[in-house]
Amino acid sequence: PSSEWMGRANLLYNSTSGQYVVLIDNGGGVSAATSSTLSGNYVWQGRIPNTSGFTPTEINDMSVFTVGSNAYSVANNDKNGNNRSAGIWRLNPSNYL
């Protein structure tokens, strides 16, 4: 996988692809690993497109959740090192594999 720092893992199910997806904040971006089963072998997919509106190095302490068939991520924004704002954005199913 990655040799960069990795934050906490977040798990969700992508109903479009039929894959379980682990999203991880790592070294200025978000990376993914996927599996067709919850307890299966996860395959490292690497970085996913950034749709947050934050620059990758500003994403900090990320979490993901689903509402119906939509997936969302929420993270605090470490712009200028102040952690004083947060963002929430919908994940495009094709972008989170």
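Buried means under 20% relative accessible area, exposed over 50%, and partly exposed in between (1.4 Å probe, protein chains only). The model is predicted: local features need pLDDT of at least 70, side-chain atom pairs count only at pLDDT 80 or more, and totals for chains, interfaces and linings use all residues. Residues are numbered from 1 along each chain as its sequence is written, and side-chain values use heavy atoms, without hydrogens and water.

**View A. Aromatic pair of F65 and Y72.** The rings of F65 and Y72 are stacked, at 5.4 Å centre to centre with 20 degrees between the planes. Rings of Phe, Tyr and Trp (its six-membered ring) pair if their centres lie within 6.5 Å; planes under 30 degrees apart count as stacked, over 60 as edge-to-face and the rest as tilted. F65 is partly exposed because its relative accessible area is 33%; for Y72, also partly exposed, the value is 21%.

**View B. Aromatic pair of Y13 and Y20.** This pair is tilted, with 4.7 Å centre to centre and 55 degrees between the planes. Y13 counts as partly exposed at 38% relative accessibility, and Y20 is partly exposed at 24%. The structure holds two aromatic pairs.

View C. Four bridges join strand 3 (residues 30-35) to strand 4. T34 stands opposite V43 in strand 4.

Methods:
Pairing = 2+ DSSP bridges. Helix = DSSP H or I, 4+ residues; strand = E, 2+ residues; numbered from the N terminus.
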